[in-house]
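This report goes through a protein chain from its surface to its core and its loops. The sequence and structure come first.

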Amino acid sequence: MDIELICLMSMLAVFLLANLLLKLPVSVSMILGAVVGALVGGQGIPLRHLFEGTFTYVDTMLIISTAMLFMTVVQESGALDALNAAIVTKFYKVPALMLILLMFVVMFPGMITGSSTAAVLSAGALVAPVLLLIGIPREKAGAILAIGAIMGMAAPPINIPAMLIGGGVDMPYIGFDGPLFLLTIPCAVFAVLFLGLKYCKNMDIEKLKAGLDLEVGKKYGVRLYIPIIVLVVLLVVSKLVPSFPQLGTCLIFLISAVIGLFTGKKFNFWKKSLEAMETTIPVLAKLMGVGMFIQTLTLVGARGWIVVSCLGLGMVFVYIASFTIMPAFGAVSSYGAASVIGVPFLLVIIQNTSCSDIVVAAVLAFSCCLGDLMPPTALAGNYAAQIVELKYSKVLKNCVIPFLVCVAVAVVCILNSNALAFLTK
């Protein structure tokens, strides 16, 4: 047996045992796996490589941190409450459009932080009471929150698994917006309409208004949405206008957050920021752990062994594994699935076919994100179930068909990646 395979198996074994049996955090489990892999590979405890691995995704960590600060400002200023109220009161006569817009509200935090957890705990917690007031059963409302959070996590502008996969093959995170929108928007629309539309036939608007915060929108008006508008404008202009100063995503989030301090309700920014960062630290720690894990895989040669071994497998197996093994591995860590499995699968597919590399990377990242539905961890699903006060098993049953539709859309996209290459420009 090759030493590289032994190192890989020992790393995965320690990682899984530490996480599933000892219930250690994913980040700590990955660090232990990296240390054991280095010891088995005869590298001792390579402090330099572990340190370098910690900062592999420092850019991504900065983006997540600043995005979470922005999301805190938007939430505490009352913008999300006002947006919910505006959507329901203006579109209740068109229930399909109302549900789609509420789904986009659930997705929004995930889109700018790359975290399904952030989406569920922020916008999801605000949208859930609205869904229940409409008359949607708790288990289906929980499924809507879970699917919406995952679609937000997978949607641009921030998709962390795509960044991880791209970083593994030196592919810049450019041109992903089109393919990711194509993957996420149709799936999100289908999920919310499939799960909730039939319960929106006899809505009592007065009852709905009683459960909404209508005052914050009346008091502050359109200025509540100025931070969101500024964010979107700066992100779009910085990409479409080459002569515009390149502020960087982190600075754009901070500028928008500072503006938001003066457009809505007053709150203790320092206190709320600390609370927001407490929920973000586990995500940042995962990225550090993933960086160490991948650095060690490269050091002991296991990463190259995976790529070479995958080259000998048939393409049918690779495609099947992309939509089965990757989401299943994502049950432990979608980031780990992207780094450990996504990178070699991408290399195999683009070396054996003429597929568009960006479209393929986007599809693989989308598949990794679906892992947040998978037990035992099921981050998005478990938090969604907690919000609607149910066991996750009841929510999971209602996620099956939307999940299969997501997989079907991903399969269609990867098989027609060349036809979709225009979306990357």
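Leu16, Leu17, Leu20, Leu21 and Leu22 make up a nonpolar surface patch, and their accessible area together is about 470 Å². Such patches take residues with over 30% relative accessible area and no salt bridge, joining like charges within 9 Å and nonpolar side chains (Val, Leu, Ile, Met, Phe, Trp, Tyr) within 5 Å. A salt bridge here is a side-chain nitrogen of Lys or Arg within 4 Å of a carboxyl oxygen of Asp or Glu. Areas were computed by the Shrake-Rupley method with a 1.4 Å probe, and for residues only the protein chains shown count as cover.

Leu20 belongs to helix 1 (residues 3–21) and is partly exposed, at 33% relative accessibility. Below, buried stands for under 20% relative accessible area, exposed for over 50%, and partly exposed for values in between (1.4 Å probe, protein chains only).

The model is predicted: local features need pLDDT of at least 70 and side-chain atom pairs count only at pLDDT 80 or more, while totals for chains, interfaces and linings use all residues. Residues are numbered from 1 along each chain as its sequence is written, and side-chain values use heavy atoms, with hydrogens and water left out.

**Overall fold**

The chain has 23 helices and 0 strands, where helices (H or I, at least four residues) and strands (E, at least two) are DSSP runs numbered from the N terminus. Its radius of gyration is 22 Å, close to the 22 Å of the globule rule for 425 residues, so the chain is as compact as a globular protein of that length. That radius is taken over C-alpha atoms, and the rule is 2.2 Å times the number of residues to the power 0.38. The C-alpha trace spans about 70 × 45 × 40 Å along its principal axes. Of the 425 residues, 53% are buried. The chain exposes about 17,500 Å², with 69% supplied by carbon and sulfur atoms.

Contact means heavy atoms within 4.5 Å. Among contacts between residues at least 6 apart in sequence, 80% join residues at least 24 apart.

**Core**

A nonpolar core is a set of buried Ala, Val, Leu, Ile, Met, Phe, Trp, Tyr and Cys residues joined through side-chain atoms within 4.5 Å. The largest one has 134 residues, and Phe70, Leu131, Ile134, Met151 and Phe366 have the most contacts inside it. Another core, of 5 residues, lies apart from it and includes Ala82, Tyr220, Leu224 and Tyr225.

**Loops and the end segment**

Leu212 sits in the loop between helix 11 (205–210) and helix 12 (215–220). Leaving out residues up to four places away in sequence, Leu212 touches Ala85, Val88, Thr89 and Val130. The C-alpha atoms of Leu212 and Ala85 are separated by 5.8 Å, although the two residues are 127 apart along the chain.

Ser356 is in the loop between helix 19 (334–352) and helix 20 (357–369). Phe422 lies in the segment after helix 23 (400–415).

| Residue | Relative accessible area | Class |
|---|---|---|
| Leu212 | 14% | buried |
| Ser356 | 10% | buried |
| Phe422 | 54% | exposed |
| Lys23 | 65% | exposed |
| Glu389 | 63% | exposed |

**Backbone geometry**

Lys23, in the loop between helix 1 and helix 2 (26–40), has a positive phi of about 60 degrees although it is not a glycine. Pro156 and Pro157 are joined by a cis peptide bond, with omega about 10 degrees.
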